[in-house]
Every structure is written in structure tokens, then in C-alpha cells.
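Biologist: I've just opened this one and I'm finding my way around. Can you put it up and walk me through it?
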Amino acid sequence: MATFLYKLGRLAFRRRHFVALIWVALLTLAGVGAASAPAAGSSSFSIPGTEAQKAFDLLEQRFPGASADGATGRLVFKAPDGEKMTDAANKATVAKTVAALGDGSEVVSVTDPYKTNAVSKDGTVAYTSVSYDAPAMELKDSTRDALEAAGDEARDAGLTVEVGGDALQAGAEPGAIGEVIGLAIAAVVLVITLGSLVAAGLPLLTAIIGVGIGVSTITALANALDLGDTTSTLALMIGLAVGIDYALFIVSRYRGELAEGRDREEAAGRATGTAGSAVVFAGLTVVIALAGLSVVGVPMLSKMGLAAAGTVVIAVLIALTMIPALLGYAGKKIRPTGEKRRKQAKNAAEKPAEKAVEKPNLGTRWASFVIRRPAVVLLLGVVGLGAIALPATSLELGLPDDGSQPTSTTQRRAYDLLSEGFGPGFNGPLMVVGDAKDSADPKGAATEVTDRIKGLDDVVTVTPAAFNKAGDTFTITVIPDSKPSSTQTEDLVHAIRDSGADVKAATDTDVLVTGTTAMNIDFSQKLSDALIPYLALVVGLAFLLLIVVFRSILVPLKAALGFLLSVLAALGAVVAVFQWGWLGGLIGVEETGPIMSMMPIFMVGVVFGLAMDYEVFLVTRMREAYVHGESPSQAVVTGFKHSARVVVAAAVIMMAVFGGFISSSESMIKMIGFGLAIAVFFDAFVVRMAIVPAVLALLGKKAWWLPKWLDRALPNVDVEGEGLRKSDDDKKDEDRELVPA
């Protein structure tokens, strides 16, 4: 591996014009494809195998033309103090609004609140529902604008009007200002770490090119592959973070090779061969973790993971080829590591009263401290992260709805008005679908279902059954007494499904529960069921990969256990902030609630890949020192001496990039940004910087133990660059033979 990448690095350095041209051409091609591709349609949200999805599919089949997947909007009216919505003037105002809404080109139907009994008991709140023939993400901007503007005349008449429903969803947009701040922080860290603006600019430039290619490709394929906006956001987030980090490691190693006295082409080859090998395996762990999301069985999550994994592959390829090429362009503008310190030491040596002593860097001093007190450091690290992880025991899962929106939005105000006028359950109605195709008495079956549901707890309203034209399928709307994200509503869904078994036995009618609330419940359950198999698959594959890299059993095991500790601590922090509200005001959390259903499995996938990045970059340098003859303790110190500064810089950069997404107005993006940023902090600064060296110090030589039979069976990937060192030794021997005695 190291020898092949060494040759690749030297080739890219020499043929830099050709390499740069290829990547610029790919960026241009992807950009043209994105610009000329048809607009992305709806990213269909389906959960194959769940009851809610089966009911949804049945509705599309038995109720053709009903636009079961069409968007819905809702205008909620509230009368001024002292008035009621049933007053003649207010009724006339609402009638005009309903008529105006019906004129839209994509509108299928608009309900009259006075004909559908959509007026609250006290008469102060009413609502009208609008159905569209296109999914929310496919609606024209003019349609959304018309929905929002429809209430203007009613507002002028003195009514309070708020707009809700999924028709207003225009896609998740990350916080642009936060991204810029994150990149600015990354730039400052790169300048401090790499010592010059030119060196710092290379990782930023290559990361932006890589993300540009990845996101443009996703945009170009979005319509054909049914990719949503969140797919691009995740690819952008992960691509920027790993792209900067991978380039940083190679440029840093390049400066170190220059400091060893090698010429620039040789240094570029060496950096690509050694640090590049670590980049390849670190990238592989991230790809495994992201692509592994496919095992969950949710198409949307699979596409997000595969798209982000593709962006990581691009980041790895750019780091291995374009970075050496750009190093060739940079020339002498990139200085060797420690050049300034060596000049100072040389000047000091020239003064008789002073001795030239190179001071140990912070990484060396920290590692020396840890190996002197490994048990104490290990105990503090484990106990500290364990304490932070405690809130995760109260984790409640759900999907965000209008109730989790900021109070400044019209969607949230519409949600609150409906809760005030009709009860909290009105925001999350359940749809019960009855398949009576095999029933001898479909209407009797519908009556049986209705009566059973009315007898359940937490039920406020049950509408009469509505049949399709064939008379073999009916729908019933159930209004719970509790809000959509509550455990009481979840219990009601399960109770209706349990009663469906008795209905099936008595009437040969299948009873299915669907609707947004039921879909969310099924989605959360599917993710929970998939978490353990996913964890086993991803950690298992990465464990095998790390055994090959480190030629050890205990080092990969320690890496996996450390990751579990950091991800649990990160989940605990997410629960404390977004579910309990602790310090939520600092990052703009206006409303607490359940944690997004995909958050645990998503964090496991992404954080595991990133955690293994730091493990590979830090521990391969220790392994390299150990293989070259140093004692286990000294190898830990050497690894920190060369890698700690760069790993810390990489972690700060990754935290800055992820933290930039916290400014997003979308609660899902905000939660992902915070969760990943805090997870990187815990994993890099507590697990990799403290727990890892403490464990290695306690294990000593046992850390690098590998059964001989397994050592013989495993392929030798030579991440440490041993082949390059042997090549150096062979050249030296040849030189000695050529020198005359």
C-alpha cells in the first residue's frame, strides 16, 4: 500500500498540470450536469414493510386520483376578542378566503369549515384544509406564496390567521452564516498548524473542490434517483470535514518529510505513501459506516448514506492525487516543520553561554504525563464521559412536526391555535384504513371498527367511515386526546392495531393505521430494531479492517469500545440540550421535544467513521515507531509528538464545520450539527487524547499482540511505510558498495 501510494504521489507531483486539469474538468462536468439537470422532484418518504406504509399503498390503489401523497395546507382562523367565528361577518370573510384558495392551479380541494364541522366548541377557532395534487417538495413557489397570502384579506378584517401543513415545507437549508464562520475558523486553525497561508489554503481548496464535485453530482442525479435536500446537506457536512482533515494530514506529513532533508518530490511521495495510507483506511471506515446505513431498510436513509460515502471517496482520491500536485505548484512557499525552531536553536548554539536544546512540544509533554499516570487518566475519562452519557437513558424518539418549530413561525402558531381550539391531538390525526375486499358485510365491518375505536382510551373523535367507489375499502379518521409526539398517542396506535386482529377474525377485514403520526411511530420502531444489527455490521467490519492495519487484536477492540463511550456521551448531551432544554438558549433551541428518530443510528454511523479517522492517524504513527524498534511507552510519546498537534487541529476543524450547521433554522439540521460537533469533541479530546494513550501504557507490549497464525493469514498492507524504509536501506547499501575502499 505505502509503496504504491508513494509512486502515485511522486507521479502526481511530476504530472501536476495533468492531475489538476482532470479534477478541474470533473468539477466543471459535475457543475454543468447540476445546472442542466431537471429540478429535483419529491423525495418520497417510504418505510417498506411497516403497517403505515402498507395502508398508504392500499389507499393509492383503492382510491385512485385521491392524491394520497399530495401536500396539504391548513389555514387556522381565530376571532377577535368578544367575537366568534360563527358571526355573519367572520363567516363571510372565511367564505372569501376559501373561494380564493380554490383558484390555485395545483389545488384539488378546499374544505368549508362550516360544512365540515371545523369550528371549535367555543366558536373562537376554525380552520380550512387545502389538498394539492403534488407532494410538498414538488409544489411551485407560486402555490406556496398563494397559500401564505390567502389569509391577508382575513387579517385585514381583524381575524388572526396562521398557516400550517406540509405544503410550506421547502426543504432543509443549512445556516449559510454558520458555514462561513466554520470555514473561517478552519482557515485560522490551518494557518496556525501549517505555518503559512499557502499551506493552509491547500486543504481548504481541495475540500471545496471535492464537495463541489460531490454535491453537484448529487444535484444532477437528484431527480433521477429521488434524492432529497437533506442528502446534499449531509454530503456537504461530511465532505467538508473529512476533505479538510485528509488534506491536512498529508500536507503536515509533507512538511515533516522536508524537515528530514528530503527533496520536494521525494517528500510528496513519502507523505502520500505514509499519511496517504492512513487516509485510505480512515476513509474506508467512514465509507463502511455511511454505506452501512443501507441495512436499516429505509430508502431515504440509504440514499443519504451512499451519497455521503461517495463524497468521502472523492475526498480520499483528491487527497492522494491533487494535494501532491498542488504541493508541486507551491514549491518553496511551504516550509519544513520546525524550521523556525531550528533557526532559533542554531542561533542559540552560536552563543557560548547557551546550549541548543529543542523543547518537547505539547503533544510530547501530554503523552509523557499520561503514561506516568495512566490509571488516573483512564478513570477520569471513563467516569466523565459516563456521567455525560446518563441523560441518554431518558432518550425519547420521534420526528419533528410543526410543534417543534420556533414560536416565531406561522406553522408553530397554527399548531398552537389548533391545540387551543380543538385539543392537542388534532395536530396528529390517525387514519384507519379497512380492507374489506374479502368481507361479506363491509359496512358492518366499518361499524365494528368504529365502535371498537370509540371504546379505547385517549380518543376524542371518530369520524364516520368513508368508502371508495367499489365499496370494498373505507377510511376512518381518529383524533387522539394527546399531542402527536406523546407516548399516549403511540399507545393508542398500538391499541387500534391490537383490536384489528379481533376485527379480522370476526369480519375478514384487515385494519391498518396510517397517517403522519403512525408513520413516525413505525419509522422510530424500525430504526430502533435496526440499531443493534447495524452496529454489529459496521463495528465488525471496521474491527476486521483495523486488525489488518494495526496487526493487533486489543488496539481495534479498544478503539471500538472508546467509540461507544464517546457516542453515548454525545447522545446524552443531545438529550440534555434538545429534550430537556439545558443550555438550549445558547444554540437557539426554542422548543424541546423528542429526539429525531434517526439520530442514534445516524450518529453511530457518522461518528464511528470519524472516530476511526483519529484512531488511524494517531495510532499508526505509534505503530510505526514501535515497529521501528521503540519501546511501547516511547512509541506512544513519539506518536503524540508527530500526530497530536495535527489530530487536535483536525478535530477543531471538524467541530467548526459541524458547528456551522447549528445556525440552521431546521431543527433536524441543527440537532445533527450539534450532535456531530460534540461527538467529535468527546472522541478526539477525551477518548483519543486521554483514554487511548492511558490504555496503551497499561497494556504495554500486549497492545500489539497478534496470534502468529492470524499474522500469517492477514495481508500486509504496510501502513507504516516499512517498504519505503527498506528501500532507503537498500539504496544506502548500494551507495556504500559504489564508494571505493
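Biologist: Which elements do the buried residues of α5 pack against?
Modeller: They pack against β1, α4, β3 and β4 (160-164). Keep in mind that this is a predicted model.
Biologist: OK, and which residues of α5 are the buried ones?
Modeller: Thr 143, Arg 144 and Leu 147. Looking down the axis of α5, those buried residues fall within an arc of 100°, so they line one face of the helix.
Biologist: What does the face turned away from the buried side carry?
Modeller: That face of α5 carries the exposed residues Asp 141 and Ser 142.
Biologist: You mentioned α4. What do its buried residues pack against?
Modeller: The partners of α4 are β1 (72-78), β2 (107-110), β3 (125-132), α5 (141-149) and α6 (152-156).
Biologist: And which residues in α4 are buried?
Modeller: Asn 90, Thr 93, Val 94, Thr 97, Val 98 and Leu 101. They sit on the same side of α4, because they cover an arc of only 140° around the axis.
Biologist: Which ones are exposed on the other side of α4?
Modeller: Ala 88, Ala 89 and Lys 96 are exposed there.
Biologist: How does the span of α4 agree with what it should be?
Modeller: Helix α4 runs over residues 88-101, which is 14 residues, and at 1.5 Å a residue it should span 20 Å. Its end C-alpha atoms are 20 Å apart, so the two agree.
Biologist: What about contacts between residues at least 6 apart in sequence?
Modeller: Of those, 79% join residues at least 24 apart.
Biologist: And the surface, how much of it belongs to carbon and sulfur atoms?
Modeller: The accessible surface comes to about 32,100 Å², and 59% of that belongs to carbon and sulfur atoms.
Biologist: How many positive and negative side chains are there?
Modeller: The chain has 65 positive and 76 negative ones. The centres of the two sets lie 14 Å apart.
Biologist: Back to helices. Which residues are buried in α13?
Modeller: In α13, residues 362-372, the buried ones are Gly 363, Thr 364, Ala 367 and Val 370. Their arc around the axis is only 130°, which puts them on the same side of α13. Leu 362 and Arg 372 are exposed on the other side.
Biologist: What do the buried residues of α13 pack against?
Modeller: They pack against α14 (374-389), α21 (632-659) and α22 (667-699).
Biologist: Change of topic: where is Asn 117, and what's its phi?
Modeller: Asn 117 lies in the loop between β2 and β3. Its phi is near 60°, a positive value in a residue other than glycine.
Biologist: Is Asn 117 buried or exposed?
Modeller: Asn 117 is exposed, at a relative accessible area of 68%. Leu 583 has a positive phi too, near 55°. You'll find Leu 583 in the loop between α19 (554-579) and β11 (595-596), and Leu 583 is exposed, with a relative accessible area of 65%.
Biologist: How about Asn 520, buried or exposed?
Modeller: Asn 520 is buried, with a relative accessible area of 17%; the cut-off for buried is under 20%. Asn 520 is found in helix α18 (residues 516-550).
Biologist: What is Asn 520 in contact with, leaving aside neighbours within four places in sequence?
Modeller: Asn 520 is in contact with Leu 399 and Ser 597. The C-alpha atoms of Asn 520 and Pro 484 are separated by 9.2 Å, and that pair is 36 residues apart along the chain.
Biologist: Last one: where does Gly 195 lie?
Modeller: Gly 195 is in the loop between α7 (176-194) and α8 (197-225). Gly 195 is partly exposed, with a relative accessible area of 32%. Not counting residues up to four places away in sequence, Gly 195 touches Leu 190, Arg 255 and Arg 335. Thr 337 is 142 residues from Gly 195 along the chain, with 8.4 Å between their C-alpha atoms.

Key. Residues are numbered from 1 along each chain as its sequence is written. This is a predicted model: local features need pLDDT of at least 70, side-chain atom pairs count only at pLDDT 80 or more; totals for chains, interfaces and linings use all residues. Side-chain values use heavy atoms; hydrogens and water are left out. Contact means heavy atoms within 4.5 Å. Accessible areas come from the Shrake-Rupley method with a 1.4 Å probe; for residues, only the protein chains shown count as cover. Lys and Arg count as positive and Asp and Glu as negative; His and the chain ends are not counted. The place of a charge is taken as NZ of Lys, CZ of Arg, CG of Asp or CD of Glu. Helices (H or I, at least four residues) and strands (E, at least two) are DSSP runs, numbered from the N terminus. The expected span of a helix is 1.5 Å times one less than its number of residues. Buried means under 20% relative accessible area, exposed over 50%, partly exposed in between (1.4 Å probe, protein chains only). The arc is that of the directions from the helix axis to the C-beta atoms.
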